[in-house]
Amino acid sequence: MDLYKPILKIKSLKVDYKINSDWFTGIDRISLCQKRGKNIGIIGESGSGKTTLAHSIMGLIDSPHKISGEILYEGVNLMSISNKDKKKILWNDIALVFQNSLEVLNPIMSVGKQLTERLVEINGITKKEAEKEQIRLLRMVDLEEKWKDAFPHQLSGGMRQRVLIAMAISCKPKLVIFDEPTSSMDAILKKKIIKLIKRLQQNLKFSMIVISHDLSIMKEIVDSINVMYAGSVIESGSVNDIINNPKHPYTRGLINSSVEILPYKDLWGIPGEVTSTYCQGCSFAPRCTQSQEKCFKEKPELKKIGINREIACHRGGIIKLLDVKNIQKNFKVRNKFINAVNDVSFCINHGETVALVGQSGSGKSTIAKIVSGYLPGDKGKVYFEQKKVIYDKVAKLEEGIQIVLQDPFSALSHRLRVEEIIKEPLEINKIGSKEERNKRVKKALRDVQLPQSNEFLNRFCNTLSGGQRQRVAVARALVMKPKILIADEVTSMLDLSTQANMIRLLKGLQNRQGFAMLYITHDIYLSRKICERIIVLENGEIVDMGSSNQIIEEAYSQSTKRLVEAGLNK
Amino acid sequence: MKLKKKEKIFEYIFTLFIIITLNFALPRMMPGDPFLHNTGGEGEVFTTHTVEQIQYYREYYGLDKPLYIQYGTYLKELAKGDLGYSYYYKTDVLSIIYKRFPWTILLVFSALGFSIIFGTILGSISAWYRNSWQDQILYILLIIISEIPAFLIGIFLLVVLAAALNFFPLAGSISHFRDYSSNFEKIIDIAQHAFLPVMTLTLARIGGIYLLVRNSLSTVLNKDYVRTAKAKGLKEVRIKYIYALGNALLPLLTRVSLQLGAMIGGAILAESVFAYPGLGLLMRNAVSVRDYPLIQGIFLILALMVMIANLTADLLYKKIDPRV
């Protein structure tokens with residue numbers, strides 16, 4: 001037996017469902033390869049085709065539905081062999097732990113009988129042997145033998161899951177597919193089931209395909225993950241790579257929605273719904289915030305981007321919007337040079353929130369100004385979408401970089417009306433017709449949840465409250481449809497409740513519009529709540545950089561530890 | 001669990017009491033009088049009694065007494081197992097019923113059996129080949145049949161198969177004054193007589209059973225546990241009969257036990273059409289001559305029959321479906 005020969009290979013599998021004479025694509029040309037002894041995870045939202053994939057392997061797609069492609073089990077194409085031969089392989093070699101539901105077991109047959117039914121019918125064991133086997137199987141999944149005479153409705157959800165697992169391993173299969181083995185379970189039960197699955201695998205040495213939308217179980221039991229969306233695999237890679245460094249915008253959205261992976265962060269789902277109808281282009285394009293024209297026209301193929309790493313995206317995954325390389329800035333104060341920023345490098349990806357944390361005077365605002373082009377750096381380069389940032393060009397662009405400053409009172413001229421302030425960037429940069437400008441002003445106001453009435457548009461800024469002013473400042477930035485929004489201590493002058501509202505507003509807008517955010521703050525705990533990554537600055541230098549959990553739990557530098565401790569004492 | 005059983009027994013006794021009371025009240029609420037015409041059935045010459053004669057009979061049968069006393073006597077006699085004495089046939093009610101009862105049982109249960117067997121088979125075919133041409137044809141055919149009133153089917157069968165083609169006897173349950181060389185010959189004779197009424201009743205019932213099985217089985221075939229069975233690679237026969245049909249027939253049991261009353265109603269019509277000497281025909285005669293004790297007796301026996309059927313269904317259900 002060749003250990004490296006794939007146990008299961010799927011080649012451009014396609015499943016079309018016929019529902020009332022309409023055709024829906026359940027799976028769109030998936031190819032997979034599973035090595036013996038390896039565990040594959042398949043994640044995706046509900047309706048992404050995960051279960052359909054499992055059913056296809058088990059030969060459960062019947063007419064009128066259509067299935068095409070190849071499913072090779074140890075080199076044998078399950079789609080082309082006779083039903084009789086297929087029945088010999090199914091359940092004997094490949095078994096499925098069905099998704100737990102009330103009616104997954106026959107309600108009028110005892111649990112024990114269902115466990116060994118297949119053994120009795122095909123392998124022809126006697127009634128006595130069957131009974132012994134039932135007890136053995138129940139014990140293997142930590143159930144008492146008395147349950148063999150119970151009926152399915154007498155079992156709890158957790159017990160039913162155990163029975164389903166016992167049923168799947170009854171013929172000692174070489175490949176077991178688990179369909180949502182822990183869905184709707186409490187944390188303690190989930191842990192037990194995961195432990196059970198691991199133990200069974202050790203004893204029985206089967207390979208696994210685990211289907212779930214739960215990332216925590218993936219972390220525990222699989223080696224690699226395939227991310228599915230609308231019937232296609234859009235990203236695949238090793239578990240750690242996928243979770244720590246998602247490349248596809250959808251995968252990142254999925255991870256951002258997972259409380260197990262990011263226990264302290266606010267949860268933001270992916271806006272929109274899965275479009276069920278087959279579309280020409282990338283099926284995620286309508287929900288993607290970095291989609292281009294091509295994304296709607298052509299379907300992206302899975303492409304290799306690293307060792308064991310594949311992604312299906314025309315833009316090569318989440319794009320790097322900002323690349324800051326070795327910037328340095330000195331200020332001259334009375335013939336003396338003060339080193340404000342020293343050799344700082346970082347990058348910001350599309351749609352990401354990065355926090356720049358540090359005490360006052362650590363150089364945060366200076367970096368913000370250099371990045372947005374308001375202040376030239378002494379050394380180093382800043383690239384925005386692979387183009388060098390020269391002076392304030394990116395700030396004048398639509399879809400460029402916009403900045404919102406700390407103090408809304410001095411940032412907005414008191415001589416101007418609300419409408420004039422928000423329209424100003426459009427007018428200065430001569431963007432759009434008059435009507436279009438008015439429309440965009442109103443849209444920006446609606447986005448920041450301010451009234452769009454003429455009365456409000458004609459108000460002078462000094463009549464607004466601090467929170468309202470800051471919203472107007474945000475609206476002024478949004479009217480330019482920025483790809484990066486730099487928020488420089490935007491909440492520090494607001495009271496607590498207004499601060500909370502402001503942050504939620506910004507995150508909500510980001511979730512829908514997909515701009516990246518450089519969030520400058522001195523509050524490290526706030527950063528953990530809203531940011532994916534944190535950069536800690538001290539005296540103009542980066543002392544810590546990493547994912548927000550990592551930074552707070554395993555702070556590297558003394559400065560970060562001080563910030564973390566100080567934050568706790570607050 | 002025990003309390004439930006007691007409750008159930010009380011329920012049955014209470015129902016029986018209500019039935020007995022209704023049995024007593026209903027005939028007496030009908031217009032007419034048992035002694036207006038004492039001889040002759042429908043279409044015969046009536047001999048009318050004089051006022052004195054009627055008075056005499058009323059006193060003789062105790063009908064002149066207040067209703068509550070009559071009711072009391074009825075209950076007392078019933079407790080002793082005495083169903084009374086027929087005004088019209090001038091014999092014991094129980095012995096009249098005893099003679100007629102087997103024929104009705106024969107009709108009702110044969111029809112029930114055939115309609116369940118054929119209804120289930122056809123319903124299963126329709127469900128397994130749902131939306132195919134077989135299903136479409138069966139569906140239309142059975143809907144049409146079940147929409148035709150039972151007596152019309154009966155008359156049609158009688159005219160075509162018995163009167164015109166002479167395949168079956170026109171009336172009765174058995175050939176009179178005939179010597180049988182063997183028991184088998186007798187059974188054939190009885191079957192020939194019963195064939196048309198049973199067929200009528202079967203045709204009247206089969207549509208409902210067909211539709212029920214078709215829907216129930218179609219639902220069950222899409223259930224998760226049928227998919228589980230398929231994935232387990234079980235034999236087609238096992239999936240079809242043990243998994244699918246086993247679950248699909250549960251509602252049929254309820255339906256059949258509930259419909260037994262209606263079935264007996266249908267038997268009365270069929271017996272009239274085919275002049276079949278069962279309880280139904282007897283009941284029709286009893287009602288037309290206002291033979292109170294006989295009406296009460298027949299009603300009671302039929303009600304008991306329905307109740308026993310319901311009880312059996314209850315017990316059977318418990319045995320088949322562990323969830324109940």
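# Sheet, buried loop residue and cavities in a predicted model

Student: In strand 2 of chain A, which residue is the bridge partner of A:Tyr17?
Tutor: The bridge partner of A:Tyr17 is A:Phe24, in strand 2 of chain A. Strands here are DSSP E runs of at least two residues and helices are H or I runs of at least four, numbered from the N terminus. This is a predicted model, in which local features need pLDDT of at least 70, side-chain atom pairs count only at pLDDT 80 or more, and totals for chains, interfaces and linings use all residues. Residues are numbered from 1 along each chain as its sequence is written, chains are lettered from A and ligands numbered from 1 in the order in which they are written, and side-chain values use heavy atoms, with hydrogens and water left out.

Student: How many bridges join strand 1 to strand 2 of chain A?
Tutor: Strand 1 (residues 6-19) and strand 2 of chain A are joined by 10 bridges and run antiparallel. Two strands pair if DSSP finds at least two bridges between them.

Student: And what is the strand order of the sheet in chain A?
Tutor: The order is 2-1-4-5, in an open sheet of four strands with antiparallel pairing. Strand 2 (22-35) and strand 5 (76-77) of chain A are at the edges with a single partner strand each, so one side of each has no neighbour in the sheet.

Student: Which helix packs on the sheet?
Tutor: Helix 1 (residues 50-57) of chain A does, touching strand 1, strand 2 and strand 4 (66-73) of chain A; contact means heavy atoms within 4.5 Å.

Student: Changing topic: is A:Glu489 buried or exposed?
Tutor: A:Glu489 is buried, at 9% relative accessibility (buried is under 20% relative accessible area, exposed over 50%, partly exposed in between, with a 1.4 Å probe and protein chains only). A:Glu489 sits in the loop between strand 19 (484-488) and helix 18 (496-513) of chain A.

Student: What is A:Glu489 in contact with, leaving aside neighbours within four places in sequence?
Tutor: Its contacts are then A:Lys364, A:Gln406, A:Ile520, A:Thr521 and A:His522.

Student: Which residues lie nearest the centre of the largest cavity?
Tutor: Of its 20 lining residues, A:Arg252, A:Gly253, A:Asn256, A:Gly351 and A:Asn511 lie nearest the centre. A cavity is a set of points on a 1 Å grid over the protein atoms alone where a 1.4 Å probe fits but cannot get out, and lining residues have an atom within 4 Å of a point.

Student: Which element gives the largest share of that lining?
Tutor: Helix 9 of chain A, with four residues.

Note on methods. Axes fitted to C-alpha atoms, helices over the stretch in contact; angles between N-to-C directions. 1 Å grid on protein atoms, 1.4 Å probe; cavity = no way out; pocket = protein on both sides within 12 Å on 5 of 7 lines; lining within 4 Å.
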